[in-house]
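Biologist: Can you take me through this one? I would like to start with the overall layout and then go into the details.

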Amino acid sequence: MSTTLAVLGGTPVGGDRVQVFERAWAELVGARHAVSFNSNTSGLFAAIGAAGVGPGDEVLVPPYTMSASATVAIGYHAVPVFADIEPDIFCVDPRSLRERITPRTKAIVVVDLFGHPADLDPIMALAREHGLVVIEDAAQAPGAVYRGRRIGSISDMTVFSLNYHKHIHTGEGGIVTTGDERYAERLQLIRNHGEAVVADRGITDLVNAFGFNLRLTEIPAAIGIAQLSKLSHLLERRVENAEYLSKHVGALPGIAAPSVRTGCTHVYYVQPFLFDAAVVGVSRERFVGAVCAELPTAEDRDWPMMSAGYVTPLYLQPMYQQQIAVGASGCPFRCPHYTGTVDYRKGRCPVTEEIEERRMIATEFMRPPATLDDMRDVVRAFEKVYEQRRELASSAAGERRG
Ligand SMILES: Cc1ncc(COP(=O)(O)O)c(C=O)c1O
């Protein structure tokens, strides 16, 4: 194993395991370049930098995602503007994106939430029309396909996570794919103290050419190479489990299985079901609690296998509500470079709020090494609670009265 890390003053391309891993990942998704990072968050951050985002800019992003999808814009002192999601696949809605573009918009962060691709064709067309860069947060979607094309080969930069609860992992890690050599170079500069090498490399465009230490190292890269060889097998197991649950749990009136659009694949980082309390006759929270009580909890986990709701819409977090992020003076939301007025009020993205507050049940039962036998237990638990839903509802009413 080479000791050539991507050190300051050394080569910015990384050690030889890093390079093998990057080539293998680029090949897997059909991209020209892959640049690895020590996390998906670092990769997203570098992609925002590579897109040339800076103070005064706005970055469009869905609010239904892990917080880093939006925070990385704030890292470059830009303002996240939230666009609503589509109610069937929970990814950002191209129509909402169009409505929220302003002259300040510089980039769009699209999230392939839960493992289903966002509707990339209209989003890419919109971005081209307005000269915007599309960064795809595919942390949850390695191996997914959109209209016959592999995720990682479509948007300007696509970012994958390799943290320990993803489909495959290196402990922590991330990797960005792109078809554009200039983005690949800038990603490398941001990953590894770019300011120190621009002179030697004859780089004259200094916008966001400075960097940090965001490097993936040789040992996780070596693990990543081994993990890659397991990806398709692990995905098959996961999809088989998820489809079994979709068929049986989704057959219960009032519980809808996740949609998969024509030409797309879903790789089920999370398996989302939509719950209709009016049809089932008991509250979502009560139902979820009862199903969880029927099933053993995995011992190595620090979060539940099933939850009522997924994440609070991001704009309702304290950082957005109070508009305090970089320093104490309100940067980037209230800053001399920013000429817009942000709106983070409740009601901003009604589809997201409705789904999160009333409809979403996020499940993770399908993760390997779970088997179809385990899925049968899960289905039995759902069916048992479903049969007892009237008793469950009346005991809940009794508790409220008591
Ligand atoms: C959609 C999304 N974006 C970003 C991240 C952050 O990834 P990482 O932990 O690799 O930085 C995650 C992690 O769960 C995620 O699910």
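Modeller: This is a predicted model. The domain assignment of the chain gives domain 1 as 16–229 and domain 2 as 231–310 + 352–401.

Biologist: How far apart do the C-alpha centres of domain 1 and domain 2 lie?

Modeller: The C-alpha centres of the two domains are 30 Å apart.

Biologist: And how many residues does the contact take from each domain?

Modeller: Domain 1 gives 24 residues to the contact and domain 2 gives 20 residues. On the domain 1 side that touches domain 2, 15 residues are nonpolar, six are polar and three are charged.

Biologist: Switching to the ligand. Which residues come nearest?

Modeller: There are 14 residues around the ligand, and Ser-39, Asn-40, Thr-41, Ala-139 and Ser-161 come nearest.

Biologist: What is the shell around the ligand like by class?

Modeller: Nine of the shell residues are polar, four are nonpolar and one is charged.

Biologist: Which helices each supply at least two residues of that shell?

Modeller: H2 and helix H3 (68–75) each do.

Biologist: At what angle do H2 and H3 pack?

Modeller: The angle between H2 and H3 is about 45°, and their axes are 9 Å apart. That angle makes H2 oblique to H3. The H2 and H3 crossing is right-handed.

Biologist: Which residues in H2 meet H3?

Modeller: From H2, they are Thr-41, Leu-44, Phe-45 and Ile-48. In H3 they meet Ala-68, Ser-69, Val-72, Ala-73 and Gly-75. This contact of H2 with H3 divides into six nonpolar and three polar residues, with no charged ones. Thr-41 of H2, which takes part in this contact, is also among the residues that come nearest the ligand.

Biologist: Now H2 with H6. What angle do they pack at?

Modeller: Helix H2 (residues 40–50) packs with helix H6 (residues 181–191) at about 120°, and the axes are 9 Å apart.

Biologist: Why do H2 and H6 count as oblique?

Modeller: Roughly perpendicular covers 65 to 115 degrees and roughly antiparallel is over 145. The angle here is about 120°, so H2 and H6 are oblique to each other.

Biologist: Is the crossing of H2 and H6 left-handed or right-handed?

Modeller: The crossing of H2 and H6 is right-handed.

Biologist: And which residues meet there?

Modeller: Ala-46, Ala-47, Gly-49 and Ala-50 come from H2. Tyr-183, Arg-186, Leu-187, Ile-190 and Arg-191 come from H6. By class, the residues of this H2 and H6 contact are six nonpolar, one polar and two charged.

Definitions and conventions:
Residues are numbered from 1 along each chain as its sequence is written. This is a predicted model: local features need pLDDT of at least 70, side-chain atom pairs count only at pLDDT 80 or more; totals for chains, interfaces and linings use all residues. Axes are lines fitted to C-alpha atoms, for helices over the stretch in contact, and angles run from 0 to 180 degrees between N-to-C directions. Helices (H or I, at least four residues) and strands (E, at least two) are DSSP runs, numbered from the N terminus. Angles under 35 degrees count as roughly parallel, over 145 as roughly antiparallel, 65 to 115 as roughly perpendicular and the rest as oblique. A crossing is left-handed if the near helix is turned anticlockwise from the far one by less than a right angle, and right-handed if clockwise. Two residues are in contact if their C-beta atoms, placed from the backbone, lie within 7 Å. Ala, Val, Leu, Ile, Met, Phe, Trp, Tyr, Cys and Pro count as nonpolar, Asp, Glu, Lys and Arg as charged, and the others, Gly among them, as polar. Domain bounds come from an automatic or database domain assignment. A residue is near a molecule or strand if its C-beta atom, placed from the backbone, lies within 6 Å of it.
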